[in-house]
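Reader: I am new to this structure. Please take a close look at one part of it and then say how the surrounding parts are put together.

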Amino acid sequence: MSTAKKVLFILESNKEVYTSGEEMAVQCGVSRNAVWKAIKELRGRGYLIEAASNKGYRLSCDNDIISGEGIKACLPAGGKSPGEILVFDSLTSTSDKAKELAIKGAPHGTVVVAASQTLGRGRKDHSFFSPEGGLYMSIVLRPEYLHSTDSGELISFTGKAVISAISELTGIEPYVDGINDLYVDGKKVCGILLESGSEFDSGTLQWIVAGIGINFDSDINSFPKDVKERASSLFPRGEATVSKNAMIAGVIGKILNCQPNS
């Protein structure tokens, strides 16, 4: 892991307090100059990092950039950790990437996240408009870690996990409408798609990918007209009461830690 990623994890884990450069240097096993270079690199990538004499550094509360380190810092303490968390600015589809990784042997709990998707989709290849402001993630699940591989039970479980995460973090109570969509006040805020892969000769289930798309603080007015009429967002643009990293971590935690055999 690079020094910049180590420093980012420390900052994400201590948002309310300043951490001295010396302390970060010790935790990272590098020099204070290396920490300073990492801070400079992170600022160059858009992170708002406050500095105070004799105090150190802290990440501004206004900062809300999705990152693997930010997600890890928000995961529930004592819970089962996910596999690798891969974060992209944009993908055609997080589920396509997750399926590619699953076929290559990615372990249970591998997570793919993107700030936007260019070819997001729902059931029956329906398109899922996926601009910035939404949260798009897919999780690789291995059958041996699941309490059930029944499609209906897994879809229901995933929906309940997402509802629970949203409710606990925001106080907003989505509900299921249809097979895999979550609504608030009659408008869709989340789509869920489960896909799987099996051995051709034996029919043995090899992997499941749970794809989740949440309109977080999306600009609904920018959506296509037909989508705008039936879609909503958890928060108005820029008015979220919880970070994107925290919401992603909450969903991951609910899905991975509610599996009794994982």
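Author: Ser-60 is buried, with a relative accessible area of 7%; buried means under 20%, exposed over 50% and partly exposed in between, with a 1.4 Å probe and protein chains only. This is a predicted model, in which local features need pLDDT of at least 70 and side-chain atom pairs pLDDT 80 or more, while totals for chains, interfaces and linings use all residues. Residues are numbered from 1 along each chain as its sequence is written, and side-chain values use heavy atoms, without hydrogens and water.

Ser-60 sits in the loop between strand 2 (56-59) and helix 4 (68-74). Helices (H or I, at least four residues) and strands (E, at least two) are DSSP runs, numbered from the N terminus. Leaving aside neighbours within four places in sequence, Ser-60 is in contact with Leu-48 and Glu-50, contact being heavy atoms within 4.5 Å.

Helix 1 (residues 3-13) and helix 3 (residues 32-44) pack with their axes 9 Å apart, at an angle of about 80°. Axes are lines fitted to C-alpha atoms, for helices over the stretch in contact, and angles run from 0 to 180 degrees between N-to-C directions. Helix 1 is therefore roughly perpendicular to helix 3, a label for angles of 65 to 115 degrees; under 35 counts as roughly parallel, over 145 as roughly antiparallel and the rest as oblique. Helix 1 contributes Thr-3, Ala-4, Val-7, Leu-8 and Leu-11 to this contact, and helix 3 contributes Ala-34, Val-35, Ala-38, Ile-39, Glu-41 and Leu-42.

The axes of helix 1 and helix 2 (residues 21-28) come within 10 Å and cross at roughly 120°, so helix 1 is oblique to helix 2. Lys-6, Val-7, Ile-10 and Leu-11 of helix 1 meet Met-24, Gln-27 and Cys-28 of helix 2.

The largest nonpolar core has 40 residues, of which Val-162, Ile-212, Ile-214, Leu-234 and Ile-255 touch the most other members. Such a core is a set of buried Ala, Val, Leu, Ile, Met, Phe, Trp, Tyr and Cys residues joined through side-chain atoms within 4.5 Å. Among the elements that give two or more residues to this core are strand 8 (187-198), strand 9 (205-215) and helix 8 (244-257). Helix 8 supplies the largest share, eight residues. A second, separate core of 16 residues includes Leu-11, Met-24, Ile-39 and Tyr-57.
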